[in-house]
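Biologist: Could you take me through how the helices pack in this protein? Please begin with the overall picture.

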Amino acid sequence: MTRNRKKKLAIRAEADGGSYTEAARLHASTPQEILTADVHNRLMDAFKAAGWPVENDGFPEYGTWTGWPGPVWSMLSRPQDWHSEAHPDDPDHYDLTAVPELTLITPKIPINTGEAMVLRLPGTMPAADVVRAVREELTRTRAAKVGELVNNAACSLCGDRYPAAHLLPSTDSDRLVLCPFCVFDGDILGSHPLRLVYLIDELTSEDVAAPAGWAAVTALLACAAGPAFRERLEDVGVLQVPLSHWFDPDQVWVWLPPGDLPPALQGLAPGTSLGTLVSAVETAHPDLRDRFRAQVAATLEEDEEDSDGEDPRDYLVEQLWPSAICFAVTAATQFRERPDGHSPWHLLDDGFEEGNLSDHFDQIGSTLDADSLGPVFTLSIGVPLISEVLGLGPKP
Ligand SMILES: [Zn+2]
């Protein structure tokens, strides 16, 4: 029996006051309404559940729902007149049974202006499948764009070669441009983090192949500054709005190393929120902090021959720990993505210096005391230790 024939029979059955079953079957065969609000919210929740940082407008504009999971811009709308201001679930303006279309692009630049990834999917696709498709496509896109990079400039400090746009001025001087691993080096004087913040946002939002290490600089500044950073940044008087990761470092997007990942990070490629990264690392290595403390004790014993080896102070600065994890992981990302570049671990060997950290902390309004050795130990001892424990460190 054809579907039409079945339908006709059902309609006749209903017209005749026929059986309930026939009427129900008729009802089931009418196309279902699909609410864009549900599709959008389910999708944003699925990205959050997958460990992505998500920003969400929470209302549609010009018929389009917009959200920003990690480096991706998600748009959901019905086939429409782009100038319509009607809510996409308004039955007076739209056929609610029409399948809405999901467009996911990266980087987060206006569509049709040279985006690296454009994924169009039906709004009926299960949210978990959309997340998987985005993960796969984003992994491919990042790898392809990193592969196309041309290193036409050099970091003013370490000399490592990068595309000019990937090096940023971290001081007042526009000529002193640095890679992410040189920003906190002792040779850099006169830091200007409040300007760097906006430059990092601009670069990482607009370039899917930006160096992974800028996430670590973001994490360190945001972790050190604390929630009061928002006010300080908004007072700078630039027109750009700082991204929310500056006041909530859990939301920093972290590019993970391409290729095989250690067990702790499995399933998170190509990237994740710093909050998810930290909890994944700590769940897999609950003894990480104890190992850090043991390492600090061993270092102090080595350094100070006259010390009795029983320094009661705890040098682990909790507030900076996520940024140490971020440096460890993104150093590995950069190492794998830039096989011809300098070793990031080598740069990080003495890449954190008290005077430089203190200068940064002052300007961002941090209450941490960089001269108390805690911050510099947490980073300079923590980063290599975390790399080693994760199996991401330099091969001996
Ligand atoms: Zn450098």
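Predicted model: local features only at pLDDT ≥ 70, side-chain atom pairs only at ≥ 80, totals over all residues.

Biologist: How many helices and strands does the protein chain have?

Modeller: The protein chain has 14 helices and 11 strands. Of its 396 residues, 41% count as buried.

Biologist: What share of the contacts between residues at least 6 apart in sequence join residues at least 24 apart?

Modeller: That share is 61% in the protein chain.

Biologist: Turning to helix pairs, at what angle do α5 and α6 pack?

Modeller: Helix α5, residues 193-206, packs against helix α6, residues 214-225, at about 140°, and their axes are 11 Å apart. The angle therefore makes α5 oblique to α6. The crossing of α5 past α6 is left-handed.

Biologist: Which residues make that contact?

Modeller: From α5 they are P193, V197, I200, L203 and T204, while α6 supplies W214, V217, T218 and L221. By class, the contact of α5 with α6 has seven nonpolar, two polar and no charged residues.

Biologist: And α10, how is α6 oriented relative to that helix?

Modeller: α6 and helix α10, residues 321-337, pack at an angle of about 175° with their axes 8 Å apart. α6 is therefore roughly antiparallel to α10, as angles over 145 degrees count as such.

Biologist: Which residues meet there?

Modeller: On the α6 side, A215, A216, A219, L220 and C223 take part, and they meet P322, S323, C326, F327 and T330 in α10. The contact of α6 with α10 has eight nonpolar, two polar and no charged residues.

Definitions and conventions
Residues numbered from 1 in each chain as written. Axes fitted to C-alpha atoms, helices over the stretch in contact; angles between N-to-C directions. Helix = DSSP H or I, 4+ residues; strand = E, 2+ residues; numbered from the N terminus. Parallel < 35°, antiparallel > 145°, perpendicular 65-115°, else oblique. Left-handed = near helix turned anticlockwise from the far one by under 90°. Contact = placed C-beta atoms within 7 Å. Nonpolar A, V, L, I, M, F, W, Y, C, P; charged D, E, K, R; others polar. Buried ≥ 20, exposed ≤ 12 C-beta atoms within 10 Å, placed from the backbone.
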